[in-house]
Amino acid sequence: MWRKHQERVGSVREELNWSSLWKIIAPARVKRLMWRICIDCLPSKSAGLSRLHIFQDIRSLILDICLKEDRKIAGRVAVMLEGLWKNGNDFVWHNDKEDASKLGWLAFHKWQDWFVAQNLWESQLDNGELVHWNPPPFGYFKCNVDAAFNQRVGSTNRGWCIRNDHGNFIAAGTAWDSCTFSVLEAEALALKEAIQVISTFHNALMIF
C-alpha cells in the first residue's frame, strides 16, 4: 500500500512538472526541445547540451526552473538553451559558432521579438483588425516585408516572406542590426535580401 501511494504521489508530481514546462512563455519548438532534453532524446554528436554534464540531472534543473520561476523568465532560459544547442551543433558540423558574449544577446532578442509578435497577433484578433493577405496575379510571386525596432537597445529587426499566387510558402528570412535604420531603409534591406535569395531559384522569376 505504501509503494502504491508513493507511485501515485510521484505520478502527480511528474504531471505537475510536465505541466509547468508546457506553460512557459516560449515558442512551441523551444518547449519541444526542452521536453526532448528531459526525456534524453536529443540528437547530437559530441557537443551541444550534452556538455551540461556538470549538472547531475539536467532534466531536474529544467523542470525546477519551469516550476519555480516566472513563465517569461523560464521562456527566456529555454530560448537560451536552444541557442546553446544550435551553437554547439554548428561548431561540430560546420566549424562555425557565435561568440559566447553574443549568445545571450541573440537569445534575448529572439525571445523578445517572438513575444511582441504574439501579443500583436492577439491584439489584432481582439480588436478585429486582422489584415487579410491577397494573392498576386497568376504566375507571380508576392514578397511581404516588415521592420521592427527596439528603442531600448537601439536595434533594427527585419523580415520577409515570399508566397506564390496560390498562397503557398516559397521562402522567408529574418535579420537584425545593432543600429537604428528608418522604416524605409529596413524594409528596403529586407526586400533586397529576399530578391537575392529568390533569384537563385529561378532565372525568370516574376515578383509582384
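# Strands, helices and cysteines in a predicted model

Reader: Over how many bridges do strand β2 and strand β3 pair?

Author: Helices (H or I, at least four residues) and strands (E, at least two) are DSSP runs numbered from the N terminus, and two strands pair if DSSP finds at least two bridges between them. Strand β2 covers residues 155–164 and strand β3 residues 169–177, and they pair in the antiparallel sense over 8 bridges.

Reader: What kind of model is this?

Author: Residues are numbered from 1 along each chain as its sequence is written, and side-chain values use heavy atoms, with hydrogens and water left out. Local features need pLDDT of at least 70, side-chain atom pairs count only at pLDDT 80 or more, and totals for chains, interfaces and linings use all residues, since this is a predicted model.

Reader: Which residue takes a positive phi in the hairpin of β2 and β3?

Author: R163 stands opposite F169 in β3, and C161 has A172 as its bridge partner in β3. The hairpin has 4 residues between the strands, and the residue with a positive phi, near 85°, is G167.

Reader: Which residue takes a positive phi in the hairpin of β1 and β2?

Author: Strand β1 (residues 141–150) pairs with β2 in the antiparallel sense over 10 bridges, and N150 stands opposite S155 in β2. This hairpin also has 4 residues between its strands, and the one with a positive phi, near 70°, is G154.

Reader: How many residues of β2 are buried?

Author: Buried means under 20% relative accessible area, exposed over 50%, and partly exposed in between (1.4 Å probe, protein chains only). Strand β2 is largely enclosed by the rest of the structure, because its buried residues number 8 of the 10.

Reader: At roughly what angle do the axes of helix α2 and helix α4 cross?

Author: Axes are lines fitted to C-alpha atoms, for helices over the stretch in contact, and angles run from 0 to 180 degrees between N-to-C directions. The axes of α2 (residues 28–38) and α4 (residues 71–94) come within 9 Å, and they cross at roughly 75°.

Reader: Which residues in α4 do R29, V30, L33 and M34 in α2 meet?

Author: Contact here means heavy atoms within 4.5 Å. The residues in α4 that R29, V30, L33 and M34 in α2 meet are A78, V79, L81, E82, W85 and K86.
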